[in-house]
Amino acid sequence: MSTMLEVIGLKKYFNVANGGLLHAVDNVSFRIEGGETLGIVGESGCGKSTLGRTILRLHEPTAGKVIFDGMDIVSFDKEEMRQMRKEMQIIFQDPYASLNPRFTISQIIEEPLKLHNIYRTATERRDRVEELMELTGLSRRMYNMYPHEFDGGRRQRVVIARALSLNPKFIICDEPVSALDVSVQAQIINLMMELQEKLGLTYVFISHDMSVIKHISTNIGVMYLGQMIEKASKKEIFRSPLHPYTIALLSAIPSVNIREKKEKIILKGEIGSPVNPRPGCRFAPRCPFATDQCRSENPAFEEVKPDHFVACHRVHEMMEGKLRF
């Protein structure tokens, strides 16, 4: 299995009032193998969606590299990036907001085919649209219907069909089920997993819901205030989390087992600001184990076990069982 995507030291800063810099994505690095799903999880405002959009250059990076299939796409010009769009697509959080209300769903799915001149004739494009509709569970009778005539789940199927129209290898899934009912969430997630297996897709799946991330991911990356603070396989994250924030996140997952006595970890303290952040661990103001070193020095994002990366000054004490909530 070869590396599909490698992100190295990616940064995205935004100018704010009074000359400040909002560190939305700050020195994030990871890699994804072909056919895998990297789940990105964290609180609202932690930079998950900005990370996804910066990888695709919907936001231009402030610094860093995005190496896709061995090529650093940060250096691509406009035309090179336009061609690369065939390989890299995105599924947005709100399906209604991302669909043109004046287009029928067939026109919406067909639009990328026209923009990239994939097929020569209207008949070929129509056949492809019908194929995509069948692939994503949309009936042919819906061909000339409009987005407002669908519920949220079917709209998201339209968005998925549009994303697949150019046969991409890699898809950013930006909270694609957060606006849907729980039962519909399960249908869409299962559809995406089936499509991944059938088409050999590679996903970055962004969500604030650990239960969803657990179901679909191969590996999990945890973000906090613009930085990735822990990354490991799904099994490793749930079995042996090492960053205090990850441990707190896992404790908040609801359990269906009424006999299980699970104590939620309540984090105290204020969330820091990503605008002109001070040196030190971003999580230190809420961490019960924070020391003076944590408040003054940025922890390195280092591999503490095979394929298990953590950014914490006290991670080795955590591993030895010396620190417990």
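Me: Is Asp307 buried or exposed?

Reply: This is a predicted model. Over 50% relative accessible area counts as exposed; Asp307, with a relative accessible area of 55%, is therefore exposed. Asp307 lies in the loop between strand E11 (301-305) and strand E12 (308-311). Its phi is near 60 degrees, a positive value in a residue other than glycine.

Me: Which loop holds Asn167, and what is its phi?

Reply: Asn167 sits in the loop between H5 and strand E7 (170-174). Although Asn167 is not a glycine, it has a positive phi of about 55 degrees. Asn167 counts as exposed, because its relative accessibility is 54%.

Me: Is Asn219 buried or exposed?

Reply: The cut-off for buried is under 20% relative accessible area. Asn219 has 16% relative accessibility and so counts as buried. Asn219 belongs to strand E9 (residues 219-224). Apart from neighbours within four places in sequence, Asn219 is in contact with Glu36, Thr37, Leu38, Gly39, Ala232, Ser233 and Lys234.

Me: How are H5 and H6 arranged relative to each other?

Reply: Two packed helices are described by the angle between their axes and the distance between the axes. Here helix H5 (residues 152-164) packs with helix H6 (residues 182-199) at an angle of about 20 degrees, and their axes are 10 Å apart. H5 and H6 are therefore roughly parallel to each other. The crossing of H5 past H6 is right-handed.

Me: Which residues make the contact?

Reply: From H5 come Gly153, Gln156, Arg157, Ile160 and Leu164, and from H6 Val184, Gln187, Ile188, Leu191, Met192, Leu195 and Leu199. The residues of this contact comprise 8 nonpolar, 3 polar and 1 charged.

Conventions: Residues numbered from 1 in each chain as written. Predicted model: local features only at pLDDT ≥ 70, side-chain atom pairs only at ≥ 80, totals over all residues. Heavy atoms only, no water. Axes fitted to C-alpha atoms, helices over the stretch in contact; angles between N-to-C directions. Helix = DSSP H or I, 4+ residues; strand = E, 2+ residues; numbered from the N terminus. Parallel < 35°, antiparallel > 145°, perpendicular 65-115°, else oblique. Left-handed = near helix turned anticlockwise from the far one by under 90°. Contact = heavy atoms within 4.5 Å. Nonpolar A, V, L, I, M, F, W, Y, C, P; charged D, E, K, R; others polar. Buried < 20%, exposed > 50% of the residue type's maximum accessible area, 1.4 Å probe, protein only.
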